[in-house]
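Good morning, colleagues. Please turn to the sequence and the structure on the screen, and I shall take you through a few of its packing details.

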Amino acid sequence: STVFRVLKGSALVAEATRQRIQSIMVELDYLPSEARHRRGVRRSATIGDVAARAGVGEATVSRVLNGSDMVRQGTRQRVQEVIDELHYRPSLMARGLSRGRTTTLGVIAPFFFRASAVERLRGVVAEFTAAGYDTVLYNVSTPDQVREQFENVVGGRAEGILVISVPPPHGAIERLLGSGTPLVLVDPRFPGASHVSIDYEE
């Protein structure tokens, strides 16, 4: 994709496009994994790290995190101390899957190419995070990407899908609605789907 070419420093991207994408990356505080590594950002602790440091199994750490009463008080306290020491934050997705939920919401939007989409995404991600959800962003800029990303969300595990300023391809909305996945459209409309319209003249 164009974003990937910019990240790799490809000469196949027009300078104006490169500058626009880099500017949006700064606004979204986006940092590729290899860049984080170069900056010396420490790897986040895992449940395995906590288990090894506390001298227990991962299942015991999971029980502590989920508030199970099947853990002895002394063990619970030791595990909690290690969690605090390592600044361990359990993955919302992993915890959701263990409970039959993913706590993940998907957003399809042209966020690297439309300034209005970036502004909306700021508010969307903030609200989703405050509600305890992870956000998976599906960037689209070409008709092929639109079709591909809609196929991805139809077959994915997201608990809900938000579509911003992207006309859905034929059949995609029907499949999403048929799967029972909650869906909200911003700008586009489709019979049977919830939608939000923006009045640009106000």
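I begin with helices α4 and α5, which are roughly perpendicular to each other, because angles of 65 to 115 degrees count as such and their axes cross at roughly 105 degrees. Please bear in mind throughout that this is a predicted model. The axes of α4 and α5, the latter covering residues 58-65, come within 8 Å. On the α4 side, the contact is made by Ile47, Gly48, Val50 and Ala51, and α5 contributes Glu58, Val61 and Ser62. Sorted by class, that contact has four nonpolar, two polar and one charged residues.

Let me turn to the second partner of interest. Helix α4, residues 47-54, also meets helix α6, residues 73-86; here the axes come within 9 Å and cross at roughly 125 degrees. The two helices, α4 and α6, are therefore oblique to each other. The crossing in which α4 passes α6 is right-handed. From α4, the residues in contact are Asp49, Val50, Arg53 and Ala54; from α6, they are Arg78, Val79, Val82, Ile83, Glu85 and Leu86. This contact of α4 with α6 has six nonpolar and four charged residues, and no polar ones.

Finally, a single residue. Where does Thr181 lie? Thr181 sits in the loop between α10 (172-179) and β4 (183-186). Is Thr181 buried or exposed? Its relative accessibility is 17%, so Thr181 counts as buried, the cut-off being under 20%. Beyond its neighbours within four places in sequence, Thr181 is in contact with Ala158, Glu159, Gly160, Ile161 and Leu176.

Conventions:
Residues numbered from 1 in each chain as written. Predicted model: local features only at pLDDT ≥ 70, side-chain atom pairs only at ≥ 80, totals over all residues. Heavy atoms only, no water. Axes fitted to C-alpha atoms, helices over the stretch in contact; angles between N-to-C directions. Helix = DSSP H or I, 4+ residues; strand = E, 2+ residues; numbered from the N terminus. Parallel < 35°, antiparallel > 145°, perpendicular 65-115°, else oblique. Left-handed = near helix turned anticlockwise from the far one by under 90°. Contact = heavy atoms within 4.5 Å. Nonpolar A, V, L, I, M, F, W, Y, C, P; charged D, E, K, R; others polar. Buried < 20%, exposed > 50% of the residue type's maximum accessible area, 1.4 Å probe, protein only.
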